[in-house]
Amino acid sequence: MKIDKQGLLEGYRTMRTIREFEERVHKEFMTGQIPGFVHLYAGEEASATAVCQQLGEHDTVASTHRGHGHAIAKGCDVKGMMKEIYGRADGLCAGKGGSMHIADLDVGMLGANGIVGAGSPLACGAALSAKTLKTGGLSVSFFGDGAFNQGTTAESMNFARVYDLPVLFVLEDNGYAESTSSSWSIGGNNPVRRAEGFGIEGTRVDGHDYFAVYRAAQEAVEAIRSGTGPRFIHIEFTRYYGHFEGDASSYKPLDEVKDERRYLDALKFFRARTTGGGMLKIEDLDAIDKEVETLIDASVKEAKAAPPPDLSTLTTDVYLSY
Amino acid sequence: MSVKSFREALNEAMRDEMRRDPTVILLGEDIAGGMGSGGEQDAWGGVLGATKGLMPEFGRERVLDTPITESAFIGAAAGAALTGLRPVAQLMFIDFFGVCGDQIMNQMAKFRYMFGGKAKTPCVVRTLYGAGFGGASQHSQSLYPMLTHIPGLKVVIPSSPYEAKGLMTQAIRDDDPVIFFEHNTMFDDKEEVPDEPYTIPFGQARTVREGKDVTIVAIGMMVGRAKAAADEMAKDGIECTLLDPRTTSPLDEEAIIASVKKTGRLIVVDEASPRCGMASDISAIVAEHAFDALKAPIKRVTPPHAPVPFAPNLEKAYLPSVDGIQTAIRAVMGVK
């Protein structure tokens with residue numbers, strides 16, 4: 001696995017930004033000022049971060065309803081995201097999309113998505129563009145354990161295989177599709193074998209381990225860039241909050257929830273491993289924590305103060321001939 | 001009789017029919033919840049809690065949580081309905097019609113006709129619709145006109161808890177596929193609802209209020225808004241008849257035409273997009289059958305032809321409002 005000190009610091013900053021963003025949205029949501037509903041990525045940071053660190057400007061990601069982490073890792077403006085979540089005029093989608101539809105095509109973020117399983121066909125399309133236009137780009141489809149069972153996902157894996165499209169399928173398995181256990185809902189309970197059934201090589205990694213995800217993603221992306229077609233990674237991790245804010249997660253057994261933040265925290269693991277081995281200094285990581293905290297705090301303050309969209313925008317950005 | 005919420009009314013209708021008929025089963029995503037987990041079973045009872053308590057009473061053999069696979073389980077409901085069961089499937093949001101459209105549009109809707117009348121397809125697809133809760137473009141649509149357009153489907157849109165219980169009971173007993181629309185923001189609406197089972201026949205509009213000046217036809221959540229607007233206008237001496245069609249397929253054309261023949265004015269309030277929506281359809285029916293009775297042009301009150309926006313101020317402006325309906329009433333009356 002190849003990563004330098006700079007890469008490690010960037011990885012940590014991204015993970016910390018996602019965590020702080022989500023913890024803050026969790027807190028602010030309870031005040032009732034955030035409209036609609038939000039699905040938080042806290043606990044899952046290593047996946048978006050380590051996968052997106054392999055990507056460049058010509059690469060794209062298709063995301064999910066739990067999309068804040070993918071958006072941050074792919075380079076979306078954090079302040080623009082927060083404004084979008086608050087429904088503000090200069091949010092990333094002009095206040096028309098909200099949490100579940102954050103997108104920024106300029107940085108290759110093809111959109112969070114309100115439809116479970118909708119992302120993989122879009123990733124195949126983006127990969128088809130990259131291949132046809134010879135940009136050298138690839139496309140990542142992040143999808144959850146629920147979406148893994150959708151027909152669109154299976155169809156996309158087959159489509160990517162038959163055209164050897166440069167797609168990385170990333171199954172983000174947080175154990176629960178809404179309230180339903182993934183060990184039950186994924187028939188056969190062996191996602192890598194399912195991918196292999198489509199002729200797609202896959203691997204399974206612990207998503208609390210940034211280094212394990214990084215290694216698997218780097219290997220897969222290098223293989224895809226060499227022109228051998230799609231790859232698959234099954235990442236297992238823990239979602240700290242409910243399916244959406246307001247869901248009490250009572251379907252999780254208590255003993256599973258009790259110590260998850262203590263024992264299943266990618267950021268803690270990262271700090272212990274990098275500082276314990278002398279790769280990074282604790283002060284450097286602490287400094288990042290402070291900077292991130294300042295950034296997120298400013299994002300929330302600016303979002304709260306920002307104006308809502310002008311009512312005239314209700315009928316812009318849509319074909320209208322009457 | 002007791003005061004019940006929309007959620008409780010639906011729950012009672014399903015519970016009573018499951019007690020009455022062992023072939024009634026429920027299936028859908030998290031309709032109990034906790035499937036395969038070590039935590040609370042029946043943790044959700046459906047996304048808005050309408051099926052809570054039914055799994056503990058009837059067991060997982062009759063209340064089936066499904067993987068997130070709309071094509072598979074909506075299609076399975078159609079197949080099971082053909083072969084002896086009476087499934088009530090929950091398509092969480094009607095927006096997900098986009099995922100499983102084939103099974104509804106080309107399969108369950110067609111069997112009875114396409115098989116020469118030999119098949120029955122007694123299934124209900126419960127589904128959430130409508131704006132007003134910040135759900136944005138992919139969770140807030142009012143797609144009932146699309147389903148109404150498809151021959152073979154019955155389409156039900158209850159406007160209150162009382163209506164919800166009676167229409168759900170009828171839907172489960174019906175031998176054709178029924179798409180049952182439940183508004184995202186109406187689950188906590190409350191009113192007096194009988195404790196015992198009752199049915200409300202399809203294709204019979206409800207007269208919510210009577211007045212000599214204007215006929216208002218309103219659908220689903222819009223019935224409440226239209227009533228508020230009409231009650232307000234009565235203070236100015238303008239008396240409106242308000243009709244709630246209850247079902248858009250079959251549609252009670254006769255009641256609408258008869259009312260317009262009396263009042264000479266028609267307003268249709270519809271939460272669906274304006275083009276090819278129920279407002280357009282009902283307007284065409286009236287123009288065809290009661291043209292001579294019209295004293296003013298027909299008014300359609302609908303959202304603009306745009307996706308449902310996220311920002312609260314845009315979403316509020318998107319939905320037909322009480323004010324907007326009053327403006328329409330004044331317009332057809334020719335007053336300011």
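The C-alpha centres of domain 1 of chain B and domain 2 of chain B lie 27 Å apart. The structure is a predicted model. Chain B also meets chain A, with 39 residues of chain B in contact with 39 residues of chain A.

- Domain 1 of chain B covers residues 2–193, and domain 2 covers residues 206–333.
- Across the boundary, 25 residues of domain 1 of chain B are in contact with 23 residues of domain 2 of chain B.
- On the domain 1 side, the elements that give two or more residues are α6 (144–148), β6 (154–156), α7 (161–173) and β7 (178–183) of chain B.
- This side of domain 1 of chain B consists, by class, of 12 nonpolar, 11 polar and two charged residues.

**The contact between chain B and chain A**

- On the side of chain B that touches chain A, two or more residues each come from α4 (97–108) and α11 (312–318) of chain B.
- Helix α11(B) provides the largest share of that side, namely five residues.
- The side of chain B that touches chain A is made up of 19 nonpolar, 16 polar and four charged residues.

**Helices α1 and α2 of chain A**

- Two packed helices are described by the angle between their axes and the distance between the axes.
- Helix α1 (residues 5–29) of chain A and helix α2 (residues 45–52) of chain A have axes that come within 9 Å and cross at roughly 140 degrees.
- Helix α1(A) is therefore oblique to α2(A).
- The crossing of α1(A) and α2(A) is right-handed.
- From α1(A), the contact involves Gly11(A), Thr14(A), Met15(A), Ile18(A) and Arg19(A), and from α2(A) it involves Glu45(A), Ala46(A), Ala48(A), Thr49(A) and Ala50(A).
- Sorted by class, the residues of this contact between α1(A) and α2(A) are five nonpolar, three polar and two charged.

**Helices α9 and α10 of chain B**

- The axes of helix α9 (residues 253–263) of chain B and helix α10 (residues 278–289) of chain B cross at roughly 60 degrees and come within 10 Å.
- Because of this angle, α9(B) and α10(B) are oblique to each other.
- Helix α9(B) passes α10(B) in a right-handed crossing.
- Glu253(B), Ile256(B), Ile257(B) and Val260(B) of α9(B) meet Ile282(B), Ile285(B), Val286(B) and His289(B) of α10(B).
- The contact of α9(B) with α10(B) comprises six nonpolar residues, one polar residue and one charged residue.

**A buried residue in chain A**

- Ala112(A) lies in the loop between α4 (78–85) and α5 (119–132) of chain A.
- Ala112(A) counts as buried because it has 27 C-beta neighbours inside 10 Å, and a residue with 20 or more is classed as buried.
- Not counting residues up to four places away in sequence, Ala112(A) touches Ser63(A), Thr64(A), His65(A), Gly67(A), Ala71(A), Met100(A), His101(A), Ile102(A) and Ala103(A).
- Between Ala112(A) and Thr17(A) there are 18 Å in space, C-alpha to C-alpha, and the two are 95 residues apart in sequence.

**An exposed residue in chain B**

- Glu192(B) belongs to strand β8 (residues 190–193) of chain B.
- Glu192(B) counts as exposed because it has 10 C-beta neighbours inside 10 Å, and a residue with 12 or fewer is classed as exposed.
- Leaving aside neighbours within four places in sequence, Glu192(B) is in contact with Met1(B) and Val3(B).
- Glu192(B) and Lys299(B) are 33 Å apart in space, C-alpha to C-alpha, and 107 residues apart in sequence.

Key: Residues are numbered from 1 along each chain as its sequence is written. Chains are lettered from A and ligands numbered from 1 in the order in which they are written. This is a predicted model: local features need pLDDT of at least 70, side-chain atom pairs count only at pLDDT 80 or more; totals for chains, interfaces and linings use all residues. Domain bounds come from an automatic or database domain assignment. Two residues are in contact if their C-beta atoms, placed from the backbone, lie within 7 Å. Helices (H or I, at least four residues) and strands (E, at least two) are DSSP runs, numbered from the N terminus. Ala, Val, Leu, Ile, Met, Phe, Trp, Tyr, Cys and Pro count as nonpolar, Asp, Glu, Lys and Arg as charged, and the others, Gly among them, as polar. Axes are lines fitted to C-alpha atoms, for helices over the stretch in contact, and angles run from 0 to 180 degrees between N-to-C directions. Angles under 35 degrees count as roughly parallel, over 145 as roughly antiparallel, 65 to 115 as roughly perpendicular and the rest as oblique. A crossing is left-handed if the near helix is turned anticlockwise from the far one by less than a right angle, and right-handed if clockwise.
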